[in-house]
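User: I would like to learn how to read the features of a protein model, taking them one at a time. Could you give the general idea in each case and then show me how it applies here?

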Amino acid sequence: MQQPFEVGDIVYIFYRNPHIQDVTNIQEAAVVYHPEKPEELALFLFETYYPITNDMVIFASEMAAEQAYHQYFH
């Protein structure tokens, strides 16, 4: 599901609640330039920058994220 992203894209990821580890939600994030490494892209989520890595599963649409969520978590 990985695909090239551009600054300004809105994407969807699975986000685990840091306080309750068994709770996972679909969360919208923005693709931005990483403020400390302007040549790299990052996800901006909850006022935090997350470097985009190959370990992330990023969905281009909320519908695709919901289908995968139901497949893996239900």
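Analyst: Let us begin with contacts, where contact means heavy atoms within 4.5 Å. Leaving aside its neighbours within four places in sequence, T24 is in contact with F14, Y15, R16, Y69 and F73. Please keep in mind that this is a predicted model, in which local features need pLDDT of at least 70 and side-chain atom pairs count only at pLDDT 80 or more, while totals for chains, interfaces and linings use all residues. Residues are numbered from 1 along each chain as its sequence is written, and side-chain values use heavy atoms, with hydrogens and water left out.

User: Where is T24 found, and is T24 buried or exposed?

Analyst: Strands are DSSP runs of E with at least two residues and helices are runs of H or I with at least four, both numbered from the N terminus; T24 is found in strand β2, which covers residues 24-33. For burial, the relative accessible area is used with a 1.4 Å probe and protein chains only: under 20% is buried, over 50% is exposed, and partly exposed lies in between. T24 has a relative accessible area of 6%, so T24 counts as buried.

User: Which side chain makes a polar contact with the side chain of T24?

Analyst: A polar contact is a pair of N or O atoms within 3.5 Å; within protein, one must be able to donate a hydrogen and the other to accept it, and residues adjacent in sequence count only if both atoms are side-chain atoms. Here the side chain of T24 is joined to that of R16 by a polar contact of 3.2 Å.

User: How should I read the strands as a sheet, and what is the order of the strands?

Analyst: Two strands pair if DSSP finds at least two bridges between them. In this model, an open sheet of 5 strands has the order β4-β3-β2-β1-β5, with antiparallel pairing. The edges are taken by β4 (48-51) and β5, each with a single partner strand, so one side of each is left without a neighbour in the sheet. The secondary structure comes to 1 helix and 5 strands, and along the sequence the pattern is β-β-β-β-β-α.

User: How many bridges join the paired strands, and which residues stand opposite each other?

Analyst: Between β1 and β2 the antiparallel pairing runs over 7 bridges, with F14 standing opposite I26 in β2.

User: What can be said about A60?

Analyst: A60 lies in the loop between β5 and α1 (62-73), and at 46% relative accessibility A60 counts as partly exposed. Although A60 and D9 are 51 residues apart along the chain, their C-alpha atoms are separated by 8.4 Å.

User: What is the radius of gyration of the protein, and what would a compact globule have?

Analyst: The radius of gyration is taken over C-alpha atoms, and the globule rule is 2.2 Å times the number of residues to the power 0.38. With 74 residues, a compact globule would have a value near 11 Å, and the protein has 13 Å, which agrees.
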